[in-house]
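This briefing is for a reader meeting the structure for the first time. Please look over the sequence and the model, then read the notes below.

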Amino acid sequence: MARFRLFLLLLLARPPQSSSLPWPDTAQGTMAGLILTALEKATLFLEGRLPLINLDGAVGFQVLEVQLRGVQGKWASDPLLQPLSLRAGQLANTLSALLQKSIFYLKQSDPTYLREFQPSIQPGFWKLPRAWTRTNASLVYPQLEALDSFSEESSDACLVQLLGTGTDSSQPCRLSNFCRTLMTKAGCSGYSLSHQLLFFLWARMQGCTEGLFRQSQDYMNVFCANMMELNRRAEAIGYAYPTQDLFMENIMFCGMAGFSDFYKLRWLEAILSWQKPQLGCFGKPDAKGELREGTRRRQGSLRRVRRRERLFTDGCSCHNTATAVAALGGFLYILAEYHPDNGEPHPPTPSPESDYQDDAPVPEVQRIGRPLSISS
C-alpha cells in the first residue's frame with residue numbers, strides 16, 4: 001500500500017507536460033492504464049465465475065460496460081488516445097458477451113429476481129451523466145439513523161413497482177403511497193440511503209417525469225450529500241472492511257447521478273488497493289485486515305442490509321466486485337473528461353441537465369432539522 005501511494009504521489013508531482021507530448025505519457029494517461037488493468041483483471045474474474053455470479057454482480061459490470069463505451073467514444077477521435085480507446089472498447093465488447101451469457105445462468109439460479117430486475121442489466125438502461133455537479137454540504141442531515149431503516153424486501157418491492165416488472169403487469173413509473181413515504185424518508189443511512197438514491201436514479205433511467213419525479217434531482221442532491229458524509233466517515237475509520245462495499249456503492253450511484261466530487265484521487269487509490277491481485281475480485285481482506293470488535297461497534301451507521309450476496313471461499317464477493325468495477329469505471333469516465341494537455345477537468349455545470357428540474361418547492365426531506373457543514 002505504501003509503495004502504491006508513493007507511486008501515485010510521484011505521478012501527481014511530475015511537472016506539467018508540454019502540450020506537444022501525448023496525453024497517455026502524462027500522469028492522467030498512466031492512471032487510466034492502471035484503472036483499465038484493474039478492470040481487465042476483474043473481468044477475468046467475472047468470466048471464470050460466470051455460472052455463479054448473481055444479478056447484483058451482473059449489474060455492476062453492466063454499468064461498467066456503459067462507462068467503457070463512453071470512454072471509448074471520448075478518446076476515439078484523438079489519434080494519441082486511440083490505443084486507450086481501443087483497449088476500453090475491447091473490454092466493453094468482452095463484457096457485452098459475458099453479460100449476455102450470464103442471463104442463461106441467472107434464469108436457472110434466481111428466475112423471479114431476474115424477471116423483476118432484468119431491465120437493470122439490459123443494454124440501454126443505464127445512461128451516463130450529461131453534466132456534472134457537486135454535493136452541497138448544507139443538505140447533510142443533523143443526525144443519521146443508527147441502523148438501516150427499511151428492509152431489502154420493501155426496497156425491492158418499490159423498485160419493482162418503479163420498473164413495472166411485477167406480476168400485475170403494471171406500467172413503469174408507478175408510485176404507491178407506501179413507496180413515496182419510504183423513498184423520501186429523511187435521516188436514512190447505510191444501504192437504506194443508497195437505495196433511496198437508486199430509486200430516483202432508476203426513475204431517471206426509466207424516463208419517469210410526472211408527480212414526485214419532477215423533484216428527482218432535488219432528492220438526489222440531498223441523498224448524495226449524505227452519502228458523501230458516510231464516505232467521509234468510512235475514510236475516517238480507515239475504510240474498515242464492512243464499510244468498503246457501501247463506500248463503493250455510494251461512488252457508483254452518485255457518480256452515475258453526476259456528482260463529480262465522489263471521484264477523489266485518494267479514494268481511487270484506496271479502491272485499487274483492495275483488489276485481490278491474483279484473483280481480480282474484491283471482497284473480504286486477509287485475516288490481518290480483519291476489523292477489531294471495538295471498531296465494529298463504532299460504525300453502526302454503516303451496517304449492511306441483508307442482500308442476495310455471493311461470498312466465495314477465497315474471500316471474493318460478487319457485490320463488492322460489482323460496486324468496485326462500477327466505481328472504477330466512473331473514475332475512468334471522468335478522467336476522460338479531463339483536458340489532455342493540462343489535466344484540468346471541464347468546469348461542472350451548476351446541476352445535471354435533466355427533465356426533472358422545475359419550479360417545484362424544495363422537498364420536505366431537505367427542510368428537516370438544522371444542516372451540518374462538512375469541511376472539504
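**Briefing on the model**

At 10% relative accessibility, Gly-315 counts as buried, where buried means under 20% relative accessible area, exposed over 50% and partly exposed in between (1.4 Å probe, protein chains only). The model is a predicted one, in which local features need pLDDT of at least 70 and side-chain atom pairs count only at pLDDT 80 or more, while totals for chains, interfaces and linings use all residues. Residues are numbered from 1 along each chain as its sequence is written, and side-chain values use heavy atoms, with hydrogens and water left out.

**The chain as a whole**

- The protein chain has 13 helices and zero strands; helices (H or I, at least four residues) and strands (E, at least two) are DSSP runs, numbered from the N terminus.
- Read from the N terminus on, the elements run α-α-α-α-α-α-α-α-α-α-α-α-α.
- Of the 376 residues in the protein chain, 53% are buried.
- The accessible surface of the chain comes to about 16700 Å², and 52% of that belongs to carbon and sulfur atoms. Accessible areas come from the Shrake-Rupley method with a 1.4 Å probe, and for residues only the protein chains shown count as cover.
- Taking contacts between residues at least 6 apart in sequence, 80% join residues at least 24 apart; contact means heavy atoms within 4.5 Å.

**Helix α3 against α4**

- The axes of α3 (residues 55-76) and α4 (residues 82-109) come within 8 Å and cross at roughly 155°. Axes are lines fitted to C-alpha atoms, for helices over the stretch in contact, and angles run from 0 to 180 degrees between N-to-C directions.
- The two helices α3 and α4 are therefore roughly antiparallel to each other. Angles over 145 degrees count as roughly antiparallel, under 35 as roughly parallel, 65 to 115 as roughly perpendicular and the rest as oblique.
- By class, the contact of α3 with α4 has 15 nonpolar, eight polar and two charged residues. Ala, Val, Leu, Ile, Met, Phe, Trp, Tyr, Cys and Pro count as nonpolar, Asp, Glu, Lys and Arg as charged, and the others, Gly among them, as polar.

**Helix α3 against α13**

- α3 and α13 pack at an angle of about 15°, with their axes 8 Å apart.
- That angle makes α3 roughly parallel to α13.
- α3 passes α13 in a left-handed crossing.
- On the α3 side, the residues making the contact include Gly-57, Phe-61, Leu-64 and Trp-75, and on the α13 side they include Cys-318, Ala-322, Val-325 and Tyr-333.
- The contact of α3 with α13 divides into 12 nonpolar, eight polar and two charged residues.

**An enclosed helix**

- Seven of the 10 residues of helix α11 (residues 265-274) are buried, so α11 is largely enclosed by the rest of the structure.
- The buried residues of α11 are Trp-267, Leu-268, Glu-269, Ala-270, Ile-271, Leu-272 and Trp-274.

**Residues brought together from separate parts of the sequence**

- Gly-315 lies in the loop between α12 (293-298) and α13 (318-335). Leaving aside neighbours within four places in sequence, Gly-315 is in contact with Lys-276, Phe-282, Gly-283 and Lys-284. Gly-315 and Asp-286 are 29 residues apart in sequence and 8.1 Å apart in space, C-alpha to C-alpha.
- Gly-29 is found in helix α2 and is buried, with a relative accessible area of 7%. The C-alpha atoms of Gly-29 and Ala-336 are separated by 9.3 Å, although the two are 307 residues apart along the chain.
- Glu-47 is found in helix α2 (residues 27-48) and is partly exposed, at a relative accessible area of 46%. Glu-47 and Leu-98 are 51 residues apart in sequence, with 6.8 Å between them in space, C-alpha to C-alpha.

**Positive phi values in loops**

- Most residues other than glycine have a negative phi.
- Cys-173, in the loop between α6 (152-163) and α7 (177-183), has a positive phi near 75°. Cys-173 is partly exposed, with a relative accessible area of 27%.
- Tyr-239, in the loop between α9 (216-236) and α10 (241-256), has a positive phi of about 55° although it is not a glycine. Tyr-239 is buried, with a relative accessible area of 14%.

Methods
Left-handed = near helix turned anticlockwise from the far one by under 90°.
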